[in-house]
Amino acid sequence: MGAIRQCSRSACRQSAVATLTYVYADSTAVLGPLATYAEPHCYDLCEQHAGSLTVPRGWEVLRLAMPTSPQQPGPDDLLALANAVREAAALPPKSQTSPGQRASHSALEAPAGTEGVRRGHLRVLREPS
């Protein structure tokens with residue numbers, strides 16, 4: 001689930017409840033419920049700005065039915081999240097290497113025989129024993 005989106009109007013910090021889309025070919029502005037995800041050419045509006053929307057002269061506003069309460073996560077959403085967590089926990093650790101693959105080294109492990117070697121502005125040091 002994504003973060004709460006804010007109103008697209010400048011200096012407004014309210015949560016968005018509606019999405020505004022323009023259909024330039026028909027001179028129509030469509031105002032409907034908040035879209036599932038943010039679209040680049042749509043505007044998310046708070047309740048105040050959605051209610052006071054005005055359009056240019058000659059344009060039509062199409063207001064779609066707005067939900068009376070914010071949509072809560074349903075059982076399908078929660079089950080999908082639980083299944084994703086179970087699948088991630090069931091995956092084998094990635095430390096096992098198959099034949100033909102290179103062995104993984106820790107990020108701080110120095111190459112053999114290069115103790116104190118200086119390369120540019122970096123220096124490779126062995127971990128003290």
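Two strands count as paired if DSSP finds at least two bridges between them, and this definition is used in the views below of a predicted model.

**View 1. The pairing of strands S1 and S2.** Strand S1 (18-23) and strand S2 (28-33) run antiparallel and are joined by six bridges. As a general point, strands of a sheet pair through backbone hydrogen bonds, either parallel or antiparallel.

**View 2. The open sheet of four strands.** The strands of this open sheet follow the order S3-S1-S2-S4, and their pairing is mixed. Strand S3 (43-45) and strand S4 (60-63) stand at the edges with a single partner strand each, so one side of each has no neighbour in the sheet. Direction ignored, neighbouring strands here are turned by 25° against each other on average.

**View 3. The largest nonpolar core.** Ten residues form this core, among them Cys7, Cys12, Leu20, Leu31 and Cys46, and the elements that give two or more residues to it are strand S1 and strand S2. Leaving aside residues up to four places away in sequence, Cys12 touches Cys7, Cys46 and His49. In soluble globular proteins, nonpolar side chains tend to be buried together.

**View 4. The whole protein, for orientation.** The protein has two helices and six strands, which run β-β-β-α-β-α-β-β from the N terminus on. Of its 129 residues, 16% are buried, while the protein exposes about 11,200 Å², of which carbon and sulfur atoms supply 55%. Among contacts with a separation of 6 or more, 48% are between residues 24 or more positions apart.

How values were computed
Residues numbered from 1 in each chain as written. Predicted model: local features only at pLDDT ≥ 70, side-chain atom pairs only at ≥ 80, totals over all residues. Heavy atoms only, no water. Core = buried A, V, L, I, M, F, W, Y, C linked by side-chain atoms within 4.5 Å. Buried < 20%, exposed > 50% of the residue type's maximum accessible area, 1.4 Å probe, protein only. Contact = heavy atoms within 4.5 Å. Areas by Shrake-Rupley, 256 points an atom, 1.4 Å probe, with all protein chains shown as cover. Axes fitted to C-alpha atoms, helices over the stretch in contact; angles between N-to-C directions.
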